Amino acid sequence: EVDKDVYRGVTQRTPWGRIFGGQVVSQALMAAGRTMPKGVLAHSLHCYFLRPGDINMPVIYRVERVRDGRSYSSRRVEARQGERVLL
């Protein structure tokens, strides 16, 4: 955790020089999960890959707490490398 609701991901090396998309999605889900109460699990996940990630730069995940209700909560996660939005 870098700051409140901000996380830094660790990137695995790939032979093609780009970050594997599944890694970005899974780290975004983990970041969102860390803003939830203990024992609350994800029910669904929707995402859009906007740009490829560079394995030489850290990925920063910013979590927006959209809604916390009695029956469900909603999170929005943005994955960035510098000014570039990846997810």
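Q: Buried means a relative accessible area under 20%, exposed means over 50%, and partly exposed lies in between (1.4 Å probe, protein chains only). By that rule, is Glu78 buried or exposed?

A: A quick word first: this is a predicted model, where local features need pLDDT of at least 70 and side-chain atom pairs count only at pLDDT 80 or more, while totals for chains, interfaces and linings use all residues. Residues are numbered from 1 along each chain as its sequence is written, and side-chain values use heavy atoms, leaving out hydrogens and water. Glu78 has a relative accessible area of 18%, and the limit is under 20%, so Glu78 counts as buried.

Q: In what order do the elements of the protein chain run from the N terminus on?

A: Helices (H or I, at least four residues) and strands (E, at least two) are DSSP runs, numbered from the N terminus. The protein chain has one helix and four strands. Read from the N terminus, the order is β-α-β-β-β.

Q: Which residue of β2 is the bridge partner of Gly9?

A: Two strands pair if DSSP finds at least two bridges between them. Strand β1 (residues 6-9) and β2 run antiparallel, joined by four bridges. Gly9 is also among the residues that Val59 touches, as are Tyr7, Ile19 and Ala79 (contact means heavy atoms within 4.5 Å, not counting residues up to four places away in sequence). The partner of Gly9 in β2 is Val59.

Q: Which residue in β3 stands opposite Arg65?

A: Strands β2 and β3 run antiparallel, with eight bridges between them. A hairpin of four residues links β2 to β3. Opposite Arg65 stands Arg75.

Q: How many Å, N to O, separate the side chains of Arg75 and Asp68 in their salt bridge?

A: Side chains of opposite charge can pair when their charged atoms come close. The rule for a salt bridge is a side-chain nitrogen of Lys or Arg within 4 Å of a carboxyl oxygen of Asp or Glu. At 17% relative accessibility Arg75 is buried, whereas Asp68, at 48%, is partly exposed. Their N to O distance is 2.9 Å.

Q: Which residues are linked with Glu64 in a network of salt bridges?

A: The count of salt bridges comes to six. One of them joins Glu78 to Arg76, with the closest N and O atoms 3.9 Å apart, and Arg76 is partly exposed at 45%. The residues networked with Glu64 are Arg76, Glu78 and Arg80.

Q: What is the radius of gyration of the protein chain?

A: The radius of gyration is taken over C-alpha atoms, and the globule rule is 2.2 Å times the number of residues to the power 0.38. For 87 residues, a compact globule would come near 12 Å. The C-alpha trace spans about 45 × 25 × 20 Å along its principal axes. In agreement with the globule value, the protein chain has 13 Å.
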